[in-house]
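Subject: Structure handover

Hello,

Here is the structure I said I would pass on. Please have it open while you read the notes below it.

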Amino acid sequence: MTPGAADPVLCGRCQVANPQEARFCMRCGNTLSDDREAPDLRFVTVAFCDLARSTELAARLRPEVWSGVLDAYFTEVGGALSRAGGRLEKFIGDAIVAVFGAGNGGEDDAVNAANAARAAMDGLAGQAESLRRRGIELSIRFGLASGRVVATGRDSSFAIGAVMNRAARLQAAAPENGAAVDLKTWLLIRHAVPCRPLPPVQAKGFDKPLRAWRLSPPSDDGEQDPNGEGVIRYVNQVVLRQRLSDRLSRMLAEPSGTLLAIEGDVGVGKTRLVRELCAQAETASGCRVVMLSCPPIGDHSGLGPLTRLDRLLASGAERRGDEGREGPQVPRAADELRLAIRRRLSEMSRERPVLVAIDDYQWASDHLRAFVDGVDASLGPLAFLLSGRQVKLGDGARAERAVLEPLEDEDAYDLLGHVAAALGVPEPRDRADEVVKRGGGNPLFLEQLVALAAEGGDDLIAPSAEAALGARLDRLGPAARRVLACSAAWGADADLVDLAATCGLADKDFDLAVGELSAAGFLLDNPRDHHVGSRVVAEVAYSRLTLADQADVHSRITRRLQERARQRPDAMETASVHAERAYGALCEFDPDSPEARDAGRRAAMSLCSAARLVAARSEIPLALELAGRAAHLCGDDQALRLEIGAVETYALAAAGKGALALERIAALQREIPAKANLPAAAHLKATEVAIRSTESGWDGDLLAEATSLAERAGEAGGRSRLLLFEGLHHARAGDYATAEHLLREALTILGAENCFGVAEIYGNLALCLAYGDTPVPAALAECLELRARTADTPVLQAAVSCPAAFLHGRIGDRDEAVRLLREAENVFRDADHRAGMAGALEFGAMLAELDGDHARAAEAAGAAADLYERIGFVAAAFRCRSRMTLMNWPGAAPPAGDGTGSWDVRILREQLSALQAHDAGDSAAAGAHLKRTRELIGMVRGAGAVAVPILEFQRTASLISRR
């Protein structure tokens, strides 16, 4: 090392030494940390409290009096927030800010914040009389907001995020001695804390008004949902509910103490189901119901839960479904308390059966667990209904278990409209797929996501998922959380091989993380592989990644998918999505950095490759969209600009915008030399050949120039396209034998390459097989082989199916011909491929002519002509309109225009001219036109091509001879 040089910075992930000025590792892209603690993204609830009219009070009171008032205020409010689990974040003048969930988060952080706000207001209210006697009216306002923050290692101002400002704006809009809460906080507390809606808050710095609610006094029911039924009862659990209800009825009829455990994740509907079962049991069997809930905080090994159960049994509060008020603690030992409860239960069960329901049993105290595990037959007709995420029981406990599974997607989609109606918000039709996916079949999460979707924005993660699952994530190590986040970034069930290759962990660390995830129940087994099973928990883990880490993960996934695309080209589309996400994350973090510019170029390359792929499948609108996005990101890279231009101009030409494509080609050829990217330049020239040969006629010199460029570039795709265009030129002239030969050569040169132009090669080779001189059985066999090779591209397969149907029709297999055409029509219709639909109708018309059904042939030809006209295919429309006129003659007017173009159009025009001349009494002219028709048919090299024209000629000649 050079003397005096700064020490290198070691990457914490791959241990590679980096220079001091580096912000990201040169090897793995990991964010390089300095001596400060790395920031941590967390989901929190912020409580912002401020004194009302404090400026007026400070001006009126003597400083020492005002100081005493503030001391009392700070002590009362700060103490209430701290006792409830809030961490005091800062003091701003007379404002106090506390954050709930900044350390070890819990799913009840929002409820604790709301209760702390109430306690603070109640505490100050207790001092109101003494202050009033001194002429001081003291009132406060709270704003509560939930969302993501960056939690740093600072002692104060340690939380950074928009949620801090949102809480402050809500505080300013709250009523005096009241609290205003935002949407996410309301969704988290509505089951436990009464709330009433407030008018939308016009908040400075926010694009639109904030929806808000105020905390109601405890005596005010407000919008509280005391039964925990935030999600309406539509959830499809009818069969399970009936089965459990029947089982409870049998248990309560037996003279023994038994246990029924219901397990399921947070929000899946356990509490609602337990309350419904209790209500049904009370009605059906006349049993006495006692309901107890275990809080997530407090002394889990203390006697509190047992004491509450004892009071419920003694007071009869179970009839109200209420746990009663806390009184002085009875100084009894655990054994004495358990014995007292057993006696009460025994006495009660002699009168009638007793059902004890304990919700959130995963938080049950050790003493309560010991009591439940010791239940036996001596207590009489008694049943315990336990619900929780995991209901752990002692070895001797006699219990049956039921698992409340997440909803199937079909039920989740059905639920959306009902939830939206219950919440009074629009149904998220445009985002239904995203809501269902992110909901993970969890009714509570679905409800919250519907509410968030109505607000707009991209942050669709259920607040309860972030709160509850975030707490579970905190118990995992960083490596395990990284694997979960990587799974979410994949966006689907990635197997462990994919995760190991893309999460950026050493093999040893990855194996340890997988073991940790398996032990925590986040890893599922199936017969083929392992994968992360909880999409929701993975999404929450991903939401806690920093932008730099998100960019790193998506970059790794991009490279993985690009490697996979060598065998599975369709993987390139997904790779482009991840490349864009990596670029977006870096741009949001530091848009002018070299890393962001690099990521933009990589994203442009991926998008260009994806555009080429979808263009090869004839998905032209999507190809244009991808090419446009790539052009936006490519910067000044000349080679890449040519590459993108080659795809874009091909797609423009395929979309019928030849003039615009030629303009774009000319501009690129002026601005960028061909040597910057010879293969792309060859494709640009090939597209120019295709457009000019269609619009201005065949240009052999231009073809020779393009062929020379493609050969210099060594570009198989460009050479294949030129052979395709040459083949099409011969096909338009009626030489299907030469066209078939050229197209076979084009396919051979192309090999396994999947470039644009391959769709036309497949489709036109199938057409040449149907129209050429190859014996029909051999042509059909080869056409069906082409159809099998295009199975993964339905639109292209449908294009090949049309000539295959025609070949089936030529050998008399009408049923199979009709089946193939109908399949093709359905594919084209589903894909909104109007040119394909028109082509299928045209083939249907020709099949009808082979069958001699002229009325059906005319109808199909007319429908094809209408569709061709709507999409601007003038020559094809003229051909079909001429065929329809021929089938309906006499009585139909010939189409306008001369229809100059391919051989079949010229043949149709000669026949129509013959019929017109004959009707005008000019037999000589009619005969000349018929002679010319015979000559044109004789010039065509292709038995299949002339099969229908010969039938049409015979009918035309017959019409003339009869008249």
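Which residues have the most contacts inside the largest nonpolar core? They are Y73, V77, L81, I140, F142, I189 and L215, in a core of 123 residues. A nonpolar core is a set of buried Ala, Val, Leu, Ile, Met, Phe, Trp, Tyr and Cys residues joined through side-chain atoms within 4.5 Å; buried means under 20% relative accessible area (1.4 Å probe, protein chains only). A second, separate core has 94 residues, including L722, A731, A746 and M837.

The model is predicted: local features need pLDDT of at least 70, side-chain atom pairs count only at pLDDT 80 or more, and totals for chains, interfaces and linings use all residues. Residues are numbered from 1 along each chain as its sequence is written, and side-chain values use heavy atoms, with hydrogens and water left out.

Of the 963 residues in the protein chain, 52% are buried. The chain has 39 helices and 17 strands, which are DSSP runs numbered from the N terminus (helices: H or I, at least four residues; strands: E, at least two).

Back to Y73: leaving aside neighbours within four places in sequence, Y73 is in contact (heavy atoms within 4.5 Å) with C49, D50, L51, G78, D94, A95, I96, L124 and I140.

One helix pair is also worth a look. Helix 22 (residues 594–616) and helix 24 (residues 638–654) have their axes 10 Å apart and pack at an angle of about 25° (axes are lines fitted to C-alpha atoms over the stretch in contact; angles run from 0 to 180 degrees between N-to-C directions). Helix 22 is therefore roughly parallel to helix 24, the term for angles under 35 degrees.

Regards

Terms used. Buried means under 20% relative accessible area, exposed over 50%, partly exposed in between (1.4 Å probe, protein chains only). Angles under 35 degrees count as roughly parallel, over 145 as roughly antiparallel, 65 to 115 as roughly perpendicular and the rest as oblique.
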